[in-house]
Structures are given as structure tokens and as C-alpha cells.
Amino acid sequence: MTLNFKTVLSVETSCDDTSVAIVRHDGYVVAQCSASQDLEHAPYGGVVPEIASRNHSVALIPLIEQTLKKAELTFDDIDGFTVTNRPGLIGSLIVGLMTVKTLAQSLNKPYIGVNHLEGHILAPFLKDDLYQPSSDFGYPYVALAVSGGHSSIYLVKGAGDYTIVGTTKDDAAGEAYDKFAKMLGLGYPGGVQVDRLAVTGNPTSYDFPRGLIREKSLMMSFSGLKSASHRLLQKMSPEQILSEQAHLCASFQEAVVETLIAKITLAARVFKTKNIAITGGVSANSKLRLEAENLKSQGFQIVIPPLRYCTDNAAMIGYAGILQLNRDLKSDLGMGPSSASYENDFKVALRENLNDNKKAEKPS
Ligand code: KG4
Ligand code: ZN
């Protein structure tokens with residue numbers, strides 16, 4: 001295969017992080033610069049789409065200049081562009097997409113619109129001067145992508161070959177974290193606050209439900225956990241909640257992490273692979289990282305990318321995009337943003353009841 005695209009400049013603006021990266025065809029990240037909008041959205045307890053898109057339009061061009069400077073490159077060194085165009089907030093996606101289309105047209109270089117979730121799925125292959133994944137890790141693998149908007153398990157047989165085999169029936173894991181943090185008055189984004197407080201708490205203090213954990217199924221559910229937390233906190237006084245904060249967070253975290261670990265290891269067994277990747281914002285969680293590391297003693301190959309490639313970032317979009325550009329795929333200027341994935345981005349074969357499905361799929 002001739003590698004026509006050796007280096008791309010990549011843009012990610014699908015939600016509230018503005019990120020730009022320069023990525024090589026082998027996943028090496030030459031430079032990445034990102035701007036978080038957490039402080040702007042915090043007063044509202046969640047992402048406000050209008051504020052997100054306005055901030056992207058202010059931050060993006062300076063970030064592109066900064067990234068080129070950090071990489072000590074110019075546009076002459078860039079073979080093409082990659083940008084998230086789906087799924088995400090339309091107003092946010094438009095900013096990145098229009099900017100990249102303008103660059104592509106004015107510099108006469110190709111570009112490709114990338115699915116944000118494909119970026120998360122391929123993030124395990126990113127590397128830089130400080131980090132590189134184990135060389136034993138490879139296809140096929142099962143990937144748990146857990147963030148504020150998504151909690152799904154994918155069977156990944158190769159670049160471009162993704163099957164959704166499990167997903168949440170209701171809330172995403174990050175959403176559950178954020179809602180729990182809100183109930184405790186911890187502010188937004190809540191996952192990191194719950195994680196911080198949990199460190200000093202006793203995880204067995206409260207018995208939170210582990211949704212669908214005992215079911216032979218790759219489906220997940222976090223809404224029962226949310227309702228149980230709500231009921232529990234309603235019975236407690238504000239003083240009690242404050243004094244029990246650490247124990248509540250530790251117990252909540254235990255329930256989420258136990259569920260996620262149970263589901264991804266079940267998926268690995270069902271598809272007879274030792275390779276597990278965990279990505280998305282929730283994979284920043286200290287307990288999840290620890291428990292995933294512990295799986296290595298059971299013979300699993302685990303990759304959890306460093307935080308800069310777990311949370312929303314342009315590097316993962318760059319890698320997913322450059323693989324496609326090198327397969328002769330590219331987008332035309334008519335491409336628009338989409339709030340949802342395209343129909344053929346992922347195959348869907350949910351393993352809702354593994355008892356009905358004795359013939360576990362073999363990775364080919
Ligand atoms: O992937 P991401 O940056 O954005 C999308 O939602 O796409 O994920 C953000 C989510 C939020 O729900 C946030 O609370 C959660 O990831 N999160 C965490 C931690 N850090 C971020 N959840 C648990 N523990 C953390 N340390
Ligand atoms: Zn994401």
C-alpha cells in the first residue's frame with residue numbers, strides 16, 4: 001500500500017472541547033493542543049450548545065496556529081485534513097467542519113469527515129514521545145467506549161470493521177457520574193469530583209445496584225443506580241450527606257466500575273480475545289484504570305490510553321481519518337455535520353441474551 005498521506009492536521013469540536021492535532025500515519029502524535037470549556041459550562045450544570053459553538057469559533061484558529069508552531073511545521077508539511085463531522089452537537093460540529101473545509105479548499109488538499117466514536121475506538125493505537133501502547137496489543141479487540149454521551153462495547157476486527165455488541169439501555173456511565181455529582185452538589189463536570197472524593201471513602205459503605213451485572217448479556221443500565229442514589233440521598237439530611245460524601249462516592253464508583261469491568265471481560269470471553277481497550281472520558285477514572293490494570297494478571301492485554309487521548313481529542317480523529325485517506329477515501333465539500341452516526345459506520349449485533357446465542361462469534 002502506498003502511503004499518500006503521511007501527516008494530517010486534525011480538528012475535533014463535537015462537544016465542548018476544542019482540539020487540534022498533527023498526526024502521522026502510524027498513530028504518532030506530533031503535537032496536540034486542546035482548550036477545555038468546563039469553566040464556561042459549569043454555572044449551568046452541563047454543556048450549553050450555544051455557548052460551546054461560540055467558544056469553538058473563538059478558540060479554533062489560534063489552536064491551529066499553536067499546534068503547527070509546536071510541531072515546527074507549516075501547512076506545506078500537511079498532506080490533508082481530518083475533522084469530526086458526526087455524531088455531536090450540530091453547532092459545535094459546524095465550526096470545526098467549516099474551518100477544515102475552508103483550509104482544504106484554499107490549500108487544495110483533501111479532507112475527510114470522521115465519526116467521533118471511531119476516534120475513541122482507535123485511540124489505543126496513538127503514541128507519542130512519552131507513551132506507546134504495548135506492541136502485543138492488536139486486532140481483534142473489544143473496546144469499551146464510556147463517556148458522558150456513550151457507553152458501548154464494540155468488537156473491532158480491523159480499521160473500519162466495528163460491530164456494536166453491547167450498549168447502555170438508558171444513561172451513559174459518564175452521565176450517571178455527572179448526575180450523581182449534581183445530587184451531591186459537587187458541580188460540573190462531576191465524574192472527576194466523585195473520583196477524587198471516592199479515594200478516601202469506603203466502597204462497601206452503601207450498596208448501590210449494579211445494573212444487569214448478573215445477566216448473561218453485553219447490555220448495561222445505569223438508570224437504576226441513578227434512582228437508587230436519588231432515593232438514598234432524599235432520606236439523608238444535608239449534614240449527613242456532607243459527612244458521608246466520600247463513602248457515598250466510593251460506593252457509587254464501586255458499583256459503576258464493577259459493572260463496566262464485568263461487561264468488558266464478558267465481551268472478551270464471548271469473542272475469544274485477550275485484547276481489551278477502554279476509552280472515553282470515564283476511562284480517566286482512577287478506580288476503572290486500577291481494576292483494568294488488575295485484569296492483566298488474568299492474561300488480558302489491556303490498553304487504556306493516557307488521559308490526553310481518552311477524553312475528547314483531535315489526535316484520535318487524526319488517526320482514524322488518515323487510515324481512511326490512505327484507503328483512498330475522502331469527503332467532498334458538500335459534507336455536512338450530523339448529530340447521529342451514519343447508518344453504515346457500525347454494524348450492530350447486540351448480544352442482549354447470551355443464553356440464546358451459544359455460538360460465540362469467533363474473530364476472523
Ligand atoms: O469523552 P468525554 O470527554 O466527552 C464526551 O462525553 O464525549 O467524556 C466526558 C465524561 C463526563 O461525563 C465526565 O464526568 C466523565 O467523562 N469523566 C469521569 C472522570 N473524568 C471525566 N468520570 C469518572 N471519573 C473520572 N475521573
Ligand atoms: Zn467523546
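In this model, which is a predicted one, 22 residues of domain 1 touch 19 residues of domain 2, counting contact as heavy atoms within 4.5 Å.

The bounds first. Domain 1 is made of 7-133 + 309-333, and domain 2 covers 141-304. Between their C-alpha centres there are 27 Å. The size of an interface is often given as the accessible area lost when the parts come together. Here about 1,600 Å² is buried between domain 1 and domain 2, and carbon and sulfur atoms supply 70% of that. On the domain 1 side, the residues that lose the most area to domain 2 are Leu117, Ile121 and Cys310, which together make up 34% of what that side buries.

How many salt bridges are there between domain 1 and domain 2? The count is 0. The structure as a whole does hold 12 salt bridges. One that I would point out joins lysine 226 and aspartate 171, with the closest N and O atoms 3.1 Å apart. Lysine 226 sits in helix α7, residues 223-234, while aspartate 171 is in the loop between β8 (161-167) and α5, so to speak a link between distant parts of the chain, 55 residues apart.

Now the largest pocket. Its space comes to about 1,300 Å³. There are 46 lining residues, and Asp16, Gly148, Asp178, Tyr188 and Pro189 are the closest to the centre. Elements giving two or more residues to that lining are β3 (29-36), α4 (116-122), α5 (173-183), α6 (191-198) and α10 (307-310). The largest share, 7 residues, is from α5. By class, the lining has 22 polar, 14 nonpolar and 10 charged residues.

Proline 189 is in the loop between α5 and α6. A further cis bond runs from tyrosine 139 to proline 140, with omega near -10 degrees. Proline 140 is in the loop between α4 and β6 (141-146).

One more residue to look at is leucine 212, which has a positive phi of about 55 degrees although it is not a glycine. Leucine 212 belongs to the loop between α6 and α7.

Definitions and conventions: Residues numbered from 1 in each chain as written. Chains lettered and ligands numbered in written order. Predicted model: local features only at pLDDT ≥ 70, side-chain atom pairs only at ≥ 80, totals over all residues. Heavy atoms only, no water. 1 Å grid on protein atoms, 1.4 Å probe; cavity = no way out; pocket = protein on both sides within 12 Å on 5 of 7 lines; lining within 4 Å. Points joined across faces, edges and corners; volume = space filled by probe spheres on them. Helix = DSSP H or I, 4+ residues; strand = E, 2+ residues; numbered from the N terminus. Nonpolar A, V, L, I, M, F, W, Y, C, P; charged D, E, K, R; others polar. Domains from an automatic or database assignment. Buried area = accessible area lost by both parts, 1.4 Å probe. Salt bridge = Lys/Arg side-chain N within 4 Å of Asp/Glu carboxyl O.
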